[in-house]
Amino acid sequence: QLVESGGGLVQPGGSLRLSCATSRFTRDYYTIGWFRQTPGKEREGVSCISNSYDGPYYADSVKGRFTISRDNGQNMVYLQMNSLKPEDTAVYYCAASRQRVACVFSLFNYWGQGTQVTVSS
């Protein structure tokens, strides 16, 4: 139901925009988020956005560099990633919940297959 795209190899300091296409109306998902995972580590909430007027959530490690946005009309969610660092290297997943939830992976019901982001010179 969720399909990510936009990952790839980028040099430190570069930018990438991840996209997440939903097979149903994006507005039906109350909370949509981006998570990332590296081998041996728990899946980390990078950024989440809801249908409420609350501001989006960002992990401290990406604040000021990443921007999440959702386009309910196009059924798309985006993660603009700027000033990328090697430690941003991970598989990035799009996830969604039909409820208002915190940006914690165990609270999300719908997941994409993931897209690899590699930041390296």
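Figure 1. Cys-20 has 0% relative accessibility, so Cys-20 counts as buried. Here buried means under 20% relative accessible area, exposed means over 50%, and partly exposed lies in between (1.4 Å probe, protein chains only). The model is predicted: local features need pLDDT of at least 70, side-chain atom pairs count only at pLDDT 80 or more, and totals for chains, interfaces and linings use all residues. Residues are numbered from 1 along each chain as its sequence is written, and side-chain values use heavy atoms, with hydrogens and water left out. Cys-94 is also at 0% relative accessibility and therefore counts as buried. A disulfide, a pair of cysteine sulfur atoms within 2.5 Å, joins Cys-20 to Cys-94 at 2.1 Å, S to S. The torsion about this S-S bond is about -80°, so the disulfide of Cys-20 and Cys-94 is left-handed. It links distant parts of the chain, 74 residues apart: Cys-20 belongs to strand S3 (residues 16-22) and Cys-94 to strand S9 (residues 90-97). Strands (E, at least two residues) and helices (H or I, at least four) are DSSP runs, numbered from the N terminus.

**Figure 2. Cys-48 and Cys-103 form a right-handed link.** The whole structure holds two disulfides. In this view, Cys-48 and Cys-103 are joined, S to S 2.0 Å. The angle about their S-S bond is 70°, and the link is right-handed. Again distant parts of the chain are linked, 55 residues apart: Cys-48 lies in strand S5 (residues 44-50), Cys-103 in the loop between S9 and strand S10 (110-111). Both Cys-48 and Cys-103 are buried. Which pairing results when the bonded cysteines are numbered in sequence order? The pattern is 1-3, 2-4.

**Figure 3. The largest nonpolar core has 25 residues.** A nonpolar core is a set of buried Ala, Val, Leu, Ile, Met, Phe, Trp, Tyr and Cys residues joined through side-chain atoms within 4.5 Å. Trp-34, Phe-66, Leu-79, Met-81 and Tyr-92 have the most contacts inside the largest one. Two or more residues come from each of S3, strand S4 (31-37), S5, strand S7 (66-71), strand S8 (76-81), S9 and strand S11 (115-119). S9 gives the most to this core, four residues. Another core lies apart from it, with five residues, among them Cys-48, Ala-95, Cys-103 and Phe-108.

**Figure 4. Met-81 is a core residue of strand S8.** Met-81 has 0% relative accessibility, so Met-81 counts as buried. Contact means heavy atoms within 4.5 Å. Neighbours within four places in sequence aside, Met-81 is in contact with Gly-14, Ser-15, Leu-16, Leu-18, Arg-65, Phe-66, Tyr-92 and Val-117. One of these, Arg-65, is 16 residues from Met-81 in sequence and 6.1 Å away in space, C-alpha to C-alpha.

**Figure 5. Four strands make an open antiparallel sheet.** The order is S1-S3-S8-S7. Strand S1 (2-5) and S7 are the edge strands, each pairing on one side only. From one strand to the next the twist averages 15°; axes are lines fitted to C-alpha atoms, for helices over the stretch in contact, and angles run from 0 to 180 degrees between N-to-C directions. Strands of a sheet pair through backbone hydrogen bonds, either parallel or antiparallel. Two strands count as paired if DSSP finds at least two bridges between them. S3 and S8 run antiparallel, joined by six bridges. Arg-17 has Gln-80 of S8 as its bridge partner.

**Figure 6. S7 and S8 form a hairpin.** Six bridges join these antiparallel strands. Thr-67 has Gln-80 of S8 as its bridge partner. Four residues lie between the strands of the hairpin, and Asn-75 takes a positive phi near 55°. Which residues of S7 are on its covered face, and which on its uncovered one? Phe-66, Ile-68 and Arg-70 are on the covered face; Thr-67, Ser-69 and Asp-71 are on the uncovered one.

Figure 7. Thr-31 is buried because its relative accessible area is 1%. A polar atom of the Thr-31 side chain lies 3.3 Å from the backbone nitrogen of Val-101.

Conventions:
Polar contact = N/O pair within 3.5 Å; in protein donor to acceptor, adjacent residues only side chain to side chain.
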